[in-house]
Amino acid sequence: MITVTINGKEIKLEKPVTVLEAARSAGIKIPTLCYHEQLEKYGGCRLCLVEVEKMPRLQTACTLMAADGMVVRTETEAIADVRRGVLEFLLINHPLDCPYCDKAGECELQDLVEKYGPTTGRFKEKKRKAPESLEDPVLVRNMERCVVCTRCVRMCEGVQGAAAIGVINRGGHSHVEPFSGGRFECEYCGNCVSACPVGAIMSRLHRHSYRPWQLVSETETICPYCGVGCTLVAQVRDDVIKRVVPRIGTPVNNGLLCSRGRFGYEFVGSKERLTTPLIKKNGVLEQSTWEEAIGFVARRLGELKTRYGGDAIAGIASPRCTNEDNYVFQKFMRVALGTNNIDSTARTGYAGAQAFIENIFGQGATANLIPGLANADAVLIAGGDPTAVNPILGLQIRSCARKGGNILTIGHVKGVRHYNPAELKPNVHTEAALLEGVVTALKEKKGLPGSIQTLESKIKEIHRPLDDAARTCGVTEKDLAAFVEALSTASTPALVIGKEVIQSAGGSYNLLLLSAVAYLVNARIHLLSERANEQGVVDMGCAPDLLPGCRPLSYVEFRRRYEAAWKSPIPEKQGMTIFDMIDAAKAGSLRALYVMGENPVFNLPNAKGVEAALRGLELLVVQDIFMTETARMADVVFPALSWAEREGTFTNMERRLQLLRKAVNREGMEDWRIVVEVAGNMGVRMHFSSAEDIFAEITRVSPLHRDLSYEELEKSGIYPYKGEPLRGVTGDIAVAKPAAGDGGGLFLGIERPLFHSGTLSRRAPGLVKIYETAVARISPATAAARSLKEGDMVRVSSVIGYLELPVAVDFAVRDALVMITNNFEGRGALSLMELVLDPVLRAPVADKTAVTIEKAGR
Amino acid sequence: MTSGKILKTVFFVEILKGLALTFRTLFKHPVTRRYPKVKVPAKAGFRGLHALARNAEGRMKCVGCGLCGAYCPSKCIHIYTSEGDDHAKIVDRYEIDVLRCIFCGFCVEACPFGAITLSEHYEYSETSRGAFYMTREKLLENWDKYFAGPKGERYFKEFWLPQSNTYSSYEGQAMFRGRAKGKE
Amino acid sequence: MEHSEPVIEKPFETKELTISMGPQHPATHGVLRLVLDLDGENVVKCTPYVGYLHRGVEKLGENRTYLAALPLSDRLDYISSMNNNVGYVNAVEKLFGIEAPERAKYIRTMVAEMGRLSSHIIWLGTHVIDIGATTPFLLAMTERERILDLFEMLCGARLTVSYPRVGGVRNDISQEFLDELYEFILEFPHRIDDYETLVTENRIWKDRTVGVGIISAKEAVNWGLTGGMLRGSGIDYDVRKYVPYDAYDKVDFMIPVGKDPGDCYDRYKVRVEEMRQANRIIKQCVENLPAGPVMADAPKFTLPPKDLVLRDMEHLIHQFVLITKGPSVAEGEVYVGTEVPKGELGFYFVSDGTGKPYRMRVRAPSYVHASVLPRLCKGGYVADVIANIGTIDIVLGECDR
């Protein structure tokens, strides 16, 4: 116990902290400028100087550790003088910009000067001049205003790990500049913007469009982009989201955001948003009324159900919609239409992989705390770049590396390249061989723990010596051995599994091998999730074989219980997966498809094929906020409300339930309300008047969400899963081994960039400015072999079709791959991809599409 | 009761005194004025209808810093700004809801540029609410109407406060110097 | 056929009649509503209902900075907004720990007394017109108009003046104003004589006010009465004398008192004498007005000079922070009472260290005085209710806040 006396107040400290933190814990205010609680201590601004007895000079409170018996004074005349002096110096060169500067009103320098600063200036000299830098698309730098507190630099380097900016020049001329020159060319996390105490680095998205005091409301809600579920605060003026900021102390992200979260909010106010329901008349979508559209859909669904039976109708739910939307939607499908034909795009990887892993380890195996990654001593990354797919999770991996943890990657992971990862780059389609080698070696080193017999029996079958593995995969044996060594000596390892490994050829076998690795070294598993509510859509029973709460449909007792709760029979027959639906539509056995907040024509492989299949439907209903590729084909389009305009809950990849709150108002209906109205018109009454009502029913019905309430969620996110195994281990682990690798040639790869995720981000101008258009990323070797250079237009063609794109040469791409994103309209990678399903995971295989690349126009 | 009091009571003395005063008033000039036929000009510095000042080049002085709206006790000033073509801040809309305004003149005190003013114009009754929603254009028009010429300059000299001489003593302050001439 | 009709002997009984007076009654001075239980002409019970003019001034004050909430005080007792402003700025100055310069104090005393005159003129006019005399009302309004003209000359507004500022006054007075004011105060005592000629000895007036609304000194204190209501019962309490603020300790004036117990007539006499005293105070203020600044040199609490704001970074920053966030104030609480025409107006602030009050409370004399109405009216006639409303000099803007 340390006792310090600050301003005559005795403060007892449990653990050693700085004098500043001790004072703040006791409610004593010490002004600071360069101090930021997320950053390393710096002691540069000299504003926090305090008097300490028996120390000859004033000390910086932010760097001075409190020692037992220390007597500190923070408010003396001498200190006030020093503070005044420091601030006077800072203002010598500060421009008279407050009327134009967007920071005025929330500027820390302003507040400090008002509280502690001088009242008149004594310097008559001219101020330094530096033009405002507007070269960057989303960030604006005004170095006249910079006070060189270096908070942005420390944030960029020490927290974000991007190390994109630094202080250049000396003395009065020092200022902050990106290493890349004018443009930042960085990860655009924008955390420097929230670190900057003055208006030196600011976002351009809302430049000059409001003043901080004009913001009417601040709403704490959840980011709509990826599965991490960061808490963000939407600041609103006149029902327009002006800015999105993080807040220190929130779960998961704690004051940090990524580029998507921070700069991707503008789609909410997009002019392209749908406003009225549309009905296709004579092949053209025409504006209609809500009554007409709802009546029409209800009537047509009713007719089709009577004529062909419920199984001729299917529904696609959405990992972008809330749990409430998805719950109501699956209930509508099961109760009103009498079919289990419901699925979502979580089927393209997440759902299958999670079911596979939970089948081995039990439910909740992937629900691990994201901040816990920072405390791991080794992180194995397989199948994707976590810093791009789930950036805030990626930051935790970087934090782990900074603390001395080993980063092990299979394939090149660009986001951690600065952290000296142990990197194995196997040849295309040889991941399984590599993992087999690792498992064999680990098995020998660590022995079998003996707790999960089914898995152990599989592990026993695996045998591939290291030298064989190394040879097959094209890595050196030394690297592989070191890799295994690092993994086997770790005591708290973590395993991060990305979609690339799930969607690889033989995905289920790779997952089995990864599970074996996790089992042998006792690693926590994190499954990367691309969509905000991918976990929730599965938990809500939007799957052909699951009821809400992940109860399998096939167990009669469970089904009976839901039937009793819903007062309606639930069909016994398992429904169709999303890919079955497309097949059935093609075959003509599916007559109607109801799509809620999803864009299958763009987000499923073989886009052309999907489009052709959907053309054969008698009724296609789409609920969306934009006119998507799918909506264009629809018979009826309902405009829904976006994420910021409604309440509900998201379940993140940790299975943390978090509350979405309404930030702006807009006319229209939430997805669930539209479904409830349609159901009502079909004679199935669902008595919900708010999202909270639905959640109340969910907590009554679903064992996973039992006894939860919005009130509890209001405080902070909570976990629905209470460790209760809901789905037993089935005893057998089905796997499909991959066929032998196809040698040579180029294969299509899906690029998952940091700045985009699907159809929302392409309507966010800020993100589009950062990453403007689709490119074909190839390795330098591939480029050299075909004498291509950066910017050349090429035609990338597969069996299905072709795309014409500019080339980007990227050293991070493997030689046999052409990486294309699936974000830009008409240029999606999935439009080239053949649809091949992994028989076990029922997820598409993404890396088997052979492509050719040639100069366009030849 | 004394006899004096009785007499006073019997002869309605106090009532007659009062009536005498009323009667005398009959011969005084009326103090009322026949508005609107006879108008009383507002005193200089009257806090009437708003106007947005123009600078010497005839452009609006306002840069959209928003201080007037922040200080406004009735929150009736709405400013919308955006980034212009040359990346400078431009004022798209400057609107005052006159029906909410309480004419305290705090906006004038808040403005660092001397862009918002209160004119001496007070007769602006209208029959619709919309007419009281002052847009940027209407406010600039008011400037041309009510502050034309040197009047505008004088306004800022005298009524744009506080000025640095407000804080220091200076010569020529209003002081009591006996009754004004001609009234003694 | 014979049947006996039951003979019902119903005794003659009188029922109490409950009537609602106001909130749209011309004699209730605004939107005061009184529910009267009447037994014939006698008032058995009188229940005032207030709140028809509630605007949440205290809550609004908590959402505005100390500097920007000043105009809210104008709208309390709108008859004498100048006095409310003076009360408000005195309270805030005490909280900030700053003091206005001497000249500003004299000016504030001067204009506050002008506010008192204008308020008492309204009180006199409406009180007598309620009771039946039109002439004094018309005469009184002439003088009030002159005071309002002076206010207009002073600060550009006639009713809601917002003239004093935290740390001084908005602007210095002009010579023209001072001369005009002096002319007015030389003449005004004659006008008071005129009112007295018309009213004081008038037998109808005396019949209606003497012995009406009697309240003893002890009771007056217990009811929390202040101002003319208290002094009318013979207690010589006046904030200006006992807790002097502004320049009241530098001027000579006396506190007129009535007798114990006091009635409406006593209070009338007290207030008329107060007008004469106010006139004296103004005269002394004008004659002794010192030279000097009119705003305190307290840059952390008062707006910086306009001509320097765009020249000096420090001034610009202070301009921005003082306006958008308000000055940084030490934590604590403060109560300051001032003597307004209606009684003691108190402002109570709790500061949490930010630029906006954590709590702003207004002790409104009209509210306290409205509470004594049942006591004054009980046992009297309906007609006396009117006299009682007039004598408490209620303004609902202040009462309901």
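These are my notebook entries on a predicted model with chains A, B and C.

**Ground rules.** I number residues from 1 along each chain as its sequence is written, and chains are lettered from A and ligands numbered from 1 in the order in which they are written. As the model is predicted, local features need pLDDT of at least 70 and side-chain atom pairs count only at pLDDT 80 or more, while totals for chains, interfaces and linings use all residues.

**Entry: chains B and C.** I began with the contact between these two chains, where two residues are in contact if their C-beta atoms, placed from the backbone, lie within 7 Å. I found 39 residues of chain B in contact with 51 residues of chain C. On the chain B side, the elements giving two or more residues are α2 (13-25), α3 (67-71) and α4 (106-110). Helices here are DSSP runs of H or I with at least four residues, strands are runs of E with at least two, and both are numbered from the N terminus. The largest share of that side, 6 residues, comes from α2(B). By class I noted 22 nonpolar, 10 polar and 7 charged residues. Nonpolar takes in Ala, Val, Leu, Ile, Met, Phe, Trp, Tyr, Cys and Pro; charged takes in Asp, Glu, Lys and Arg; the others, Gly among them, are polar.

**Entry: chains A and C.** Next I looked up this contact, which takes 17 residues from chain A and 14 residues from chain C. Helix α3 (residues 108-116) of chain A gives the largest share of the chain A side, 5 residues. That side has 7 nonpolar, 7 polar and 3 charged residues.

**Entry: the core.** A residue is buried if 20 or more other C-beta atoms, placed from the backbone, lie within 10 Å of its own. A nonpolar core is a set of buried Ala, Val, Leu, Ile, Met, Phe, Trp, Tyr and Cys residues joined through C-beta atoms within 7 Å. The largest one has 431 residues, and those with the most contacts inside it are Val379(A), Val517(A), Leu593(A) and Val818(A). Its largest share, 14 residues, comes from helix α4 (residues 102-131) of chain C. I then checked Leu593(A): leaving out residues up to four places away in sequence, its contacts include Ala314(A), Ile316(A) and Met581(A).

**Entry: helix α14(A).** Which residues of α14 (residues 466-473) of chain A are buried? I found Ala469(A), Ala470(A) and Cys473(A). They cover an arc of only 95° around the axis, taken from the directions from the helix axis to the C-beta atoms, so they lie on the same side of α14(A). Their cover includes α12 (431-446) and α15 (477-489) of chain A. Just after the helix, Gly474(A) takes a positive phi of about 75°.

**Entry: strands in chain A.** I counted strands as paired if DSSP finds at least two bridges between them. β1 (residues 2-6) and β2 (residues 9-13) of chain A pair antiparallel over 5 bridges. Their hairpin has 2 residues between the strands, and Asn7(A) takes a positive phi near 50°. Elsewhere in chain A, an open antiparallel sheet of 3 strands has the order β10-β11-β12. β10 (217-222) and β12 (240-245) each have a single partner strand, so one side of each is left without a neighbour in the sheet.

**Entry: strands in chain C.** My last stop was β6 (residues 332-340) and β7 (residues 343-351) of chain C, which run antiparallel and are joined by 9 bridges. A hairpin links β6(C) to β7(C) through 2 residues, and Gly337(C) stands opposite Gly346(C). β7(C) also pairs antiparallel with β8 (residues 357-363) of chain C over 6 bridges. That hairpin has 5 residues between its strands, with Gly353(C) in the turn at a positive phi of about 95°.

How values were computed: Buried ≥ 20, exposed ≤ 12 C-beta atoms within 10 Å, placed from the backbone.
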